[in-house]
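Dear colleague,

Please find below a structure that I am handing over to you. My notes on the strands and on the aromatic rings follow it.

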Amino acid sequence: LRTPVTRIKVALEFLSDSQAKKNIQEDTREMEQMITVILEEARLRNASQKLNKQIIDLNRIISDLLKEYATHKTGISIHIPQEETMVEADADLLKIVIRNLLNNAIKFSEPNSNVIVQVEQLDDHVVLTIEDAGQGIPAEQISTLFDSFARSTKRGTAGEKGTGLGLAIVKKIVTEHGGTISVDSVVNEGTIFTITFPLDRPDNS
């Protein structure tokens, strides 16, 4: 799948700079992203019964992941409990979920705005929310947002386009962990993604 795209990229290097070249380069990058998420979705589908679940601290996963965004123009505020938030999950897949939602929040927010990440423990489950004050999602697109190849009509604040597979993968991962995901959004005000996971408490094991 990647070989033809690589050939196109190499051929483009021999073309003089022009708007047509820029357009082809943008389309090529989009194709690469789509191939990546298609392969990732296939991997998840085949490995759905082989999740590497362990008891992990969600707070630590988030704190470690946010180091990747330390120099980003969009600020990220984090509100997590002082005590550990233990869940049974595949840490690598959990990072895919959080990274995807953070990237979307940043992509559709203006530079120097703020994204809020919050973790809350409620009885037998944990609630993770990622909130931005960005472009928002049109109401008519909410119902199909987690479908494969569903795309928002809005572009990122820097003109980025998505593949339409990222949120489908996010939902699959969350569902495989016995969790739920939902979204609330208002156009030109922002979006909140809410994820729930079963909370692993000592007295429940």
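Strand β3, residues 86-89, has a covered face with Val87 and Ala89, while Met86 and Glu88 form the uncovered one. Strands here are DSSP runs of E with at least two residues, helices are runs of H or I with at least four, and both are numbered from the N terminus. Strand β1 (residues 54-57) runs antiparallel to β3, and four bridges join them; two strands pair if DSSP finds at least two bridges between them. Ala89 of β3 is the bridge partner of Gln54.

The model is predicted: local features need pLDDT of at least 70 and side-chain atom pairs pLDDT 80 or more, whereas totals for chains, interfaces and linings use all residues. Residues are numbered from 1 along each chain as its sequence is written, and side-chain values use heavy atoms, with hydrogens and water left out.

A search of the whole structure finds one aromatic pair (ring centres of Phe, Tyr or the six-membered ring of Trp within 6.5 Å; planes under 30 degrees apart are stacked, over 60 edge-to-face, the rest tilted). Phe146 and Phe193 form this edge-to-face pair, at 6.3 Å centre to centre and 80° between the planes. Phe146 lies in the loop between β5 (125-132) and α5, and Phe193 in strand β7 (residues 190-198), so the pair ties together parts 47 residues apart in sequence. Both Phe146 and Phe193 are buried (under 20% relative accessible area; exposed is over 50%, partly exposed in between, with a 1.4 Å probe and protein chains only).

Lys172 belongs to helix α5 (residues 166-176) and is partly exposed, at 26% relative accessible area.

Yours sincerely
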